[in-house]
Amino acid sequence: TASISDIDYLNIFTGIQLINASQTEEANKYFNKIITRNNNPASNPNLAKAYYYKGDYLNAQNIYESLLQEDSQNIEYVVHLAVSYFKNGNFEAAKTQIEKLDSLRTDYQFGAIDYAWAQYYNSIGDKAKALEFLLKAVVQGWNYTPSTYQHDPHFKTIKDSPEFINRIMNYWKNKTT
C-alpha cells in the first residue's frame, strides 16, 4: 500500500544502514531495486541516491545535474554532485560545484553547510578538513539523527577514530563536564 517514493526511501535507508555495517554487497541489492525500476531518471532523487551510494558516480552525476536545475538551493544535491565530479576525475568541476555551498548560507541553518563541506572533504580523502567542518556543524547545532554523523556513510572511514569520537560525538558532553 506504500507509494513507490516511500518504498524507494526505505530501500535507500536500508542500503545506507547496510553500508554502515560493511555489508556493501547486500546494500547494493536494495539500491538495485530502485535502479532496475528506472522510473523517470532525470528527476528522481531516490534514483540519484541509489547510484551515488552504490558508487556509480557517473549515473549519479547525470541525475544530480538535472535535479540541481530544478532545485539549485538543495545542499545535498550540491555536495553529492561535487563528490560525483571528483570521483569521476573532473576535479575542476568538483571544486566549482562545492564552492557554491557558501553562497547557500543563510540564518538558522544550524550547521547544514559546514556538515555538507565535511561530507565533501571526507569523500575526497581530507580527513582533517572533514573533522574541522564537522566540529563547526556540531557547534552550530546540526542534529545527531539516525542518518547523520556516525550513521552517515560519508564518515564511515573516520567514525571510529578517537578524534571523531572525542571531538564530534562527545562535543556537548565535554561542554557540560
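## A partly exposed glutamate and its partner

At 32% relative accessibility, E132 is partly exposed (between the cut-offs for buried, under 20% relative accessible area, and exposed, over 50%, using a 1.4 Å probe and protein chains only). K136 falls in that class too, at 35%. The two join in a salt bridge with their closest N and O atoms 3.9 Å apart; the term covers a side-chain nitrogen of Lys or Arg within 4 Å of a carboxyl oxygen of Asp or Glu. Both sit in helix α8 (residues 127-140), four residues apart, so about one helical turn separates them. Helices here are DSSP runs of H or I with at least four residues, numbered from the N terminus.

## What the numbers rest on

This is a predicted model, where local features need pLDDT of at least 70 and side-chain atom pairs count only at pLDDT 80 or more, while totals for chains, interfaces and linings use all residues. Residues are numbered from 1 along each chain as its sequence is written, and side-chain values use heavy atoms, with hydrogens and water left out.

## The other pairs

In total, the structure has seven salt bridges. One of them links D8 and R37, with the closest N and O atoms 2.4 Å apart. D8 belongs to helix α1 (residues 4-20) and R37 to helix α2 (residues 24-37), so this pair ties together parts 29 residues apart in sequence. D8 is buried at 1% relative accessible area, whereas R37 is partly exposed at 31%.

E99 and K95 also pair up, at 3.1 Å from N to O. Here E99 is partly exposed at 43%, and K95 is partly exposed at 44%.

Technical notes. Helix = DSSP H or I, 4+ residues; strand = E, 2+ residues; numbered from the N terminus.
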